[in-house]
Amino acid sequence: MPPRRIETGDGRAALAAVAAGDAARTATATAVRYLLQLLVEKAPGNSVEMRVPPFGAVQVIEGPRHTRGTPPNVVETDAATWIAVATGAEDWADAAVSGRIVASGVRADLSALLPLRP
């Protein structure tokens, strides 16, 4: 069963709560999942796995499909970093150099897809 679609208003409200600095865990989870949903819409596919534990993971970017074990192209980061780079508040390269984004694989640089337009 596919995950429940987050409506634009709900996603924007969660992002506003995070930006205000008073977001509950549920608002942070909604903001992360909403931005992952936008990434999937912008770059559908199965060649890169984008992980934001513990809130979500999606597969994006057209290319070879991976079906078993750890995918060859993986991006992992925390919720605050994902929200910052996905909204344009922080540059992908800066977060990657600082070690807050861990990206492996030839397709794992998502900087050309960011920022997303929530």
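This text leads through the sheet of the structure and then through its salt bridges.

The structure is a predicted model, in which local features need pLDDT of at least 70 and side-chain atom pairs count only at pLDDT 80 or more, while totals for chains, interfaces and linings use all residues. Residues are numbered from 1 along each chain as its sequence is written, and side-chain values use heavy atoms, with hydrogens and water left out.

We begin with the sheet. Four strands form an open sheet in the order β2-β1-β3-β4, and their pairing is mixed; here helices (H or I, at least four residues) and strands (E, at least two) are DSSP runs numbered from the N terminus, and two strands pair if DSSP finds at least two bridges between them. Strands β2 (56-60) and β4 (101-104) stand at the edges with a single partner strand each, so one side of each is left without a neighbour in the sheet. From one strand to the next the twist averages 20°, where axes are lines fitted to C-alpha atoms, for helices over the stretch in contact, and angles run from 0 to 180 degrees between N-to-C directions. Strand β3 (residues 74-77) pairs with β4 in the antiparallel sense over 4 bridges, and the bridge partner of E76 in β4 is V102.

Side chains of opposite charge can pair when their charged atoms come close. The structure holds 4 salt bridges, each being a side-chain nitrogen of Lys or Arg within 4 Å of a carboxyl oxygen of Asp or Glu. E76 forms one of them with R51, the closest N and O atoms being 3.7 Å apart, and this pair links distant parts of the chain, with E76 in strand β3 and R51 in strand β1 (residues 44-52), 25 residues apart. E76 is partly exposed at 31% relative accessibility, as is R51 at 23%, where buried means under 20% relative accessible area, exposed over 50%, and partly exposed in between (1.4 Å probe, protein chains only). A network of salt bridges links E49, R51 and E76.

Another salt bridge joins R5 and E41, whose closest N and O atoms are 2.6 Å apart. R5 lies in the segment before α1 (8-20) and E41 in helix α2 (residues 25-42), so the pair ties together parts that are 36 residues apart in sequence. R5 is partly exposed, with a relative accessible area of 45%, and E41 is partly exposed with 43%.

R100 forms a salt bridge with E90, with the closest N and O atoms 2.0 Å apart.
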